[in-house]
Amino acid sequence: MNALLFREIKSFFGSLMGYLVMAVFLVLNGLFLWVFDGNYNILQSGYADINPFFSLAPWILIFLIPAVTMKSFSEEIKQGTMELLLTKPLRIWEIVMGKFLGAFVLIVMAVIPTLIYVWVVSDLSLAGTHFDWGSTWGSYFGLLFLIGAYTAIGIFASTLSENQIVSFIIAVLLCFLFFVGIDEWSKIGGSWSGIIANFGINSHFKSMGRGVLDTRDILYFVSFAIFFLSATIFKIKSMKK
């Protein structure tokens with residue numbers, strides 16, 4: 001599995017993909033947070049607060065992560081190398097985890113440079129004011145789990161078609177559904193609204209952003225990723241028959 005993981009990372013940085021993903025993520029965040037006028041602009045908000053980044057990042061990642069994962073298995077299926085991959089001395093779950101971790105590591109590497117935002121904003125805080133470190137680190141942990149959830153969806157979507165664009169669209173729609181769709185549905189759910197919201201990514205991401213790492217939120221994200229990775233394994237097994 002480690003060999004496949006390193007192969008995936010090497011393939012990302014052996015082409016423009018890895019550098020492009022990091023550049024797009026950092027440039028878009030930088031423009032919205034520091035340059036463009038609007039609700040996300042930290043300098044215009046009047047608060048030494050990094051929350052605009054955590055409100056913006058999930059929306060950028062909804063499109064960026066499917067762009068990274070769309071070729072994971074789609075390309076293997078299209079080029080006919082899927083059968084060759086399955087003949088390697090690796091179990092199917094190891095192949096899936098290698099693909100998953102490769103994409104996950106790439107996105108995390110794109111997120112790491114944003115830690116400079118924390119340093120800048122904390123430095124901007126007025127003397128005598130308290131920068132909310134608990135909420136900031138909780139939001140970063142939440143972002144890591146959100147990345148894992150999106151990546152698991154993207155990997156699964158890449159098994160559904162040999163066309164990378166189709167895989168990309170399916171992944172974006174599924175990410176949108178679980179991040180926004182269920183959250184919006186819960187607002188008209190009446191007495192069931194709380195239960196419905198718990199099935200969505202957004203409520204758990206916001207919960208971790210409060211600075212308290214609730215085991216229920218962690219369990220949700222882990223179970224979510226396991227579900228889609230298991231669905232990926234099942235789909236690949238059906239191809240093998």
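Lys99 and Glu8 form a salt bridge, with 3.2 Å between the closest N and O atoms; a salt bridge here is a side-chain nitrogen of Lys or Arg within 4 Å of a carboxyl oxygen of Asp or Glu. This pair joins distant parts of the chain, as Lys99 is in helix H7 (residues 92-111) and Glu8 in helix H1 (residues 2-13), 91 residues apart. Helices are DSSP runs of H or I with at least four residues, numbered from the N terminus. The model is predicted: local features need pLDDT of at least 70 and side-chain atom pairs pLDDT 80 or more, while totals for chains, interfaces and linings use all residues. Residues are numbered from 1 along each chain as its sequence is written, and side-chain values use heavy atoms, without hydrogens and water.

Glu8 also meets Arg7 in a salt bridge, and a network of salt bridges links Arg7, Glu8, Glu76 and Lys99. The count of salt bridges is 6. Among them are these:

| Pair | N to O distance |
|---|---|
| Lys99 and Glu8 | 3.2 Å |
| Arg7 and Glu8 | 3.5 Å |
| Glu94 and Arg91 | 3.7 Å |

Both Lys99 and Glu8 are buried, where buried means under 20% relative accessible area, exposed over 50%, and partly exposed in between (1.4 Å probe, protein chains only). Arg7 is partly exposed at 38%. Glu94 is buried at 15%, whereas Arg91 is exposed at 53%.

Thr136, in helix H9 (residues 133-157), is buried because its relative accessible area is 3%. Beyond its neighbours within four places in sequence, Thr136 contacts Ile50, Phe54, Val118 and Phe131 (contact: heavy atoms within 4.5 Å).

Conventions:
Helix = DSSP H or I, 4+ residues; strand = E, 2+ residues; numbered from the N terminus.
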